Amino acid sequence: ILNTIYSPQLMKYLASILLSVGFLPLSAQEIVINTNNTALVLRVDKDKRVYQTHLGKRLMHENEYALLPQMGEVCISNGNGNYFEPAFHFTNSKGNETVILKYVSHQVKKSDGNSTETVVLLTDSVRQNSVRLFYKAYPKENVIVTHSEIINNDKKPIALKKYASSMLHFRAQDYYLTQFNGDWAAEASITESKLGFGKKMIDSNLGTRANMFASPFFLLSLDKQADENNGQAILGTLGWTGNFRFTFEKDHENKLRVISGINPFNSEYQLKAGETFVTPEFIFTYSDEGTGKASRNLHNWARKYRVKDGEGDRLTLLNNWEATFFDFNEKKIVDLISEAKSLGLDMFLLDDGWFGNKHPRNDDKAGLGDWQPNKKKLPNGIKALTDAAKQQGVKFGLWIEPEMINPKSELMEKHPNWVVAWNDRERYYFRNQLVLDLSNPEVQNYVYDIVDGLLTTCPDIAYFKWDCNSPLTNIYSNYEKEHQSHLFVDYVKGLYKVLDRLKAKYPKIPMMLCSGGGGRTDYEALRYFTEFWASDNTDPIDRLYIQWGFSHIFPAKTICAHVTEWNRKVDLKFKVDVAMMGKMGFDLNFSTLPKADADFCKNAVKAYNGFKDIIFKGDLYRLVSPYSNTHTATMYVDEAQKRAVVFAFDIFPRYSTAESTRLKLQGLQANKMYKVKEINRYDGKDIEVGTFSGDYLMTVGMKAFSEHRLQSRI
Ligand code: GLA
């Protein structure tokens, strides 16, 4: 009935009735942050406090936002009648711990691409501290990027004890949280749990290799468990290459508050008079069509607006790490460069072990910090290698770990105070190394000069793999003597200063972000990096799980996946098929492979070059989860919905599961006909399967699985 008699006048009338019975505050004002499908609605109450009233599906009639019941205060601060975790907690010079933030003004302006930025200014009139809340809404991608700024207008410094980027409120029957945690070689493994009363935190205090155990992203499903195609899903992630914290708190009224930001652990920050503290961005998307849609939203946004060269191509490569480890010389590398060429790959990547003379890098115990080519292994330097690559017509990439130092290095002899480490007690070493103190501008210059120096002497270096193997240990800054609790934050800011300078001078150079595998994976770092190394674990079975986990947040072109010798029991074809789902590379010694295997790889590179545009630019559909443990399947569909690539893997199938698990495709046009071919077969012969309508393939599906263990099909 409402539908037929709907009119704005009627809504106004209804609103006035609600007002008169006290449901709505007098002179309340709505601030609506819209994407095409999502709305985040804030309300300025009559007492000038700002509340969230909605986060979810965009309503058809904007004036009905005035009818929404009030949820929690937008960014709850300390000591003002809130009995739960605050987003902000600042202490002033008199020891006053209370902050009450009230609305001053807000502005809406156009921002990058089609986005709109809403900025809300709040101030504590007694304490002279202000906060600006930023919300950038990307309409088509349905992504909202939010952060806060804390401004100290006082005459004295204030201490920031908690300084979140975002606080969001949810009202649902139940809340299911999916987290992506793990360890070295077990990154981004998925667990889902129902949230009960109280707090659940996902955080890191590892500093540099921040995501070794927990990833800086989460999936929240409202009312029921997460599902790829149905239900309300929120994917959220913090763009911060350091300590992060997500706090999920379910209160006595079954409402959920989610606070995201830098982990305040051991990070109280002094903000001087007149200074502003800018928090990192919290990026999120809401979907009412399940998790799959939420992931596609983030992928679209990331490629268009965030990742370095997000819309560009990516280089296939041959890496020598597993083929040689530290044991190589110029000849071996030049041979590998020729192998890269004969395989049809775009690039050769020289890994760890190429530097250090007084303390040669022949294992992981020495040499980090001394970035001069080792004269024994490479008598003619890197230049000879870039020349060899140039001659072969392949590009040349180089591994570096410029934030780190081995105590056994010339750098340590010269600058013992550049390390993060105390001097008055026993030190703890992670992988025999220490972290350089990037809060120190001198160290920032040194790190910048490593990369700049390499590119100046060898301008043909076309790519870097930037590693970071150690978390921050022995937490003591010889630079920030007075404010030790600034170290975690200022380290990351120092890192960004270096990366900013490098990006300004070398805007085009692709770089892989690596951290002992996938220990650094966040959307601020990906402004500077074109891709990341997802895991040192390249066992293809484990990779199915690891890549599945990362695919929730990151587009396939950013996820490096290499074919290696890990798990010799699995066929080479299975390994290649797994790597093809991401940014493919090889880390094998081809000279030791049987000819048939080498030929298969050569054909695979050709096949990949033929469809990689679909992987890199297309929409991802996660069809069957590897967590079923029997089979898994993933597909990518190009924007025009004309071409698609489907990957199907039999993991440990049970008897007769192959037939009962017909694979239903997604993302096709129902009324179009599709020709189906099986490609990348070991025998090199593509097989024509038949021609089917999109409707048939999505409704009935096709036979893509087998009953045999560890088989795969594309
Ligand atoms: C880390 C990386 C590996 C490799 C080694 C080299 O573990 O994740 O890929 O580069 O360092 O030491």
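Predicted model: local features only at pLDDT ≥ 70, side-chain atom pairs only at ≥ 80, totals over all residues.
Residues are numbered from 1 along each chain as its sequence is written, and side-chain values use heavy atoms, with hydrogens and water left out.

**Around the ligand**

- Of the 13 residues around the ligand, the ones that come nearest are Asp351, Asp352, Lys465, Gly517 and Asp536; a residue is near if one of its heavy atoms lies within 4 Å of the molecule.
- Lys465 places a polar side-chain atom 2.8 Å from an oxygen atom of the ligand.
- Gly517 uses its backbone instead: a polar backbone atom is 2.9 Å from an oxygen atom of the ligand.

**The barrel**

- Eight strands make a closed barrel in the order 20-21-22-25-26-27-28-29, with parallel pairing. Strands here are DSSP runs of E with at least two residues, helices are runs of H or I with at least four, and both are numbered from the N terminus. Two strands pair if DSSP finds at least two bridges between them.
- From one strand to the next, the twist averages 30°. Such angles run from 0 to 180 degrees between N-to-C directions, with axes fitted to C-alpha atoms, for helices over the stretch in contact.
- Strand 26 (residues 511-513) and strand 27 (residues 531-533) run parallel and are joined by two bridges, and Met512 stands opposite Glu531 in strand 27.
- Helix 8 packs on this sheet, where it touches strand 22 and strand 25, and its direction makes about 150° with that of strand 25. Contact means heavy atoms within 4.5 Å.

**Helix 8**

- Buried residues of helix 8 include Val443, Tyr446, Val447, Ile450 and Leu454. Buried means under 20% relative accessible area, exposed over 50%, and partly exposed in between (1.4 Å probe, protein chains only).
- Among the elements that cover these buried residues are helix 7 (410-414) and helix 9 (487-505).

**Glu85, a buried loop residue**

- Glu85 sits in the loop between strand 3 (50-57) and strand 4 (88-91), and it is buried, with a relative accessible area of 8%.
- Its side chain makes a polar contact with the side chain of Lys199 at 2.8 Å. A polar contact is a pair of N or O atoms within 3.5 Å; within protein, one must be able to donate a hydrogen and the other to accept it, and residues adjacent in sequence count only if both atoms are side-chain atoms.
- Not counting residues up to four places away in sequence, Glu85 also touches others, including Lys162, Arg245 and Glu249.

**Positive phi values**

- Most residues other than glycine have a negative phi.
- Asn432, in the loop between helix 7 and strand 24 (434-435), has a positive phi near 60° and is partly exposed at 28%.
- Leu710 has a positive phi near 55° and counts as buried at 16% relative accessibility.
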